[in-house]
Amino acid sequence: MTITPEQLALLMQEVEVADPIDFADLPFNEPELRGLIANHLCEMADAMESFTPEDRNLALLAVAAKLVLENLVLHVQLLRRHGLPVGDSVEALLQRLQNKS
């Protein structure tokens, strides 16, 4: 199944209804930024067309995991920069990670 960047951008908006992105006062046009990301991801998916379904799923899962990790790190950095406490679930995760190292 092929998805167009426009369809992906609409899906992104639908997901954001339940989990909105705080663009704050960043100097970006939100629809244009969403479109840019949708284009990039569709290009990545097209580049994986020759992958086996398993390899494609693994690659997409790795990309998603990296983005979630990056989001977590940026979120914690932002909270710490402003002297705000992290949420209980994030604190528990950070404690669990510290205990393993």
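Which helix do the buried residues of α3 pack against? The legends below describe a predicted model.

**View 1. Helix α3 and its buried residues.** Helix α3 covers residues 53–81, 29 residues in total. From the first C-alpha to the last, helix α3 reaches 42 Å, close to the 42 Å expected at 1.5 Å a residue. Leu-72, Val-76 and Leu-79 are the buried residues of α3. These buried residues pack against α4 (88–100).

**View 2. The residue Gly-83, which follows α3.** Gly-83 comes after α3 and has a positive phi, near 65°.

**View 3. The salt bridge between Arg-34 and Glu-16.** The structure holds two salt bridges, and one of them joins Arg-34 to Glu-16, with the closest N and O atoms 2.9 Å apart. The pair links distant parts of the chain, 18 residues apart: Arg-34 belongs to helix α2 (residues 30–47) and Glu-16 to helix α1 (residues 5–18). Arg-34 counts as buried because its relative accessibility is 9%, under the 20% cut-off. Glu-16 is also buried, with a relative accessible area of 15%.

**View 4. The salt bridge between Glu-70 and Lys-66.** In this salt bridge the closest N and O atoms of Glu-70 and Lys-66 are 3.5 Å apart. Both residues lie in helix α3, four residues apart, about one turn of the helix. Glu-70 has a relative accessibility of 36% and so counts as partly exposed. Lys-66, at 48% relative accessibility, also counts as partly exposed.

Note on methods. Residues numbered from 1 in each chain as written. Predicted model: local features only at pLDDT ≥ 70, side-chain atom pairs only at ≥ 80, totals over all residues. Heavy atoms only, no water. Helix = DSSP H or I, 4+ residues; strand = E, 2+ residues; numbered from the N terminus. Expected span 1.5 Å × (residues − 1). Buried < 20%, exposed > 50% of the residue type's maximum accessible area, 1.4 Å probe, protein only. Contact = heavy atoms within 4.5 Å. Salt bridge = Lys/Arg side-chain N within 4 Å of Asp/Glu carboxyl O.
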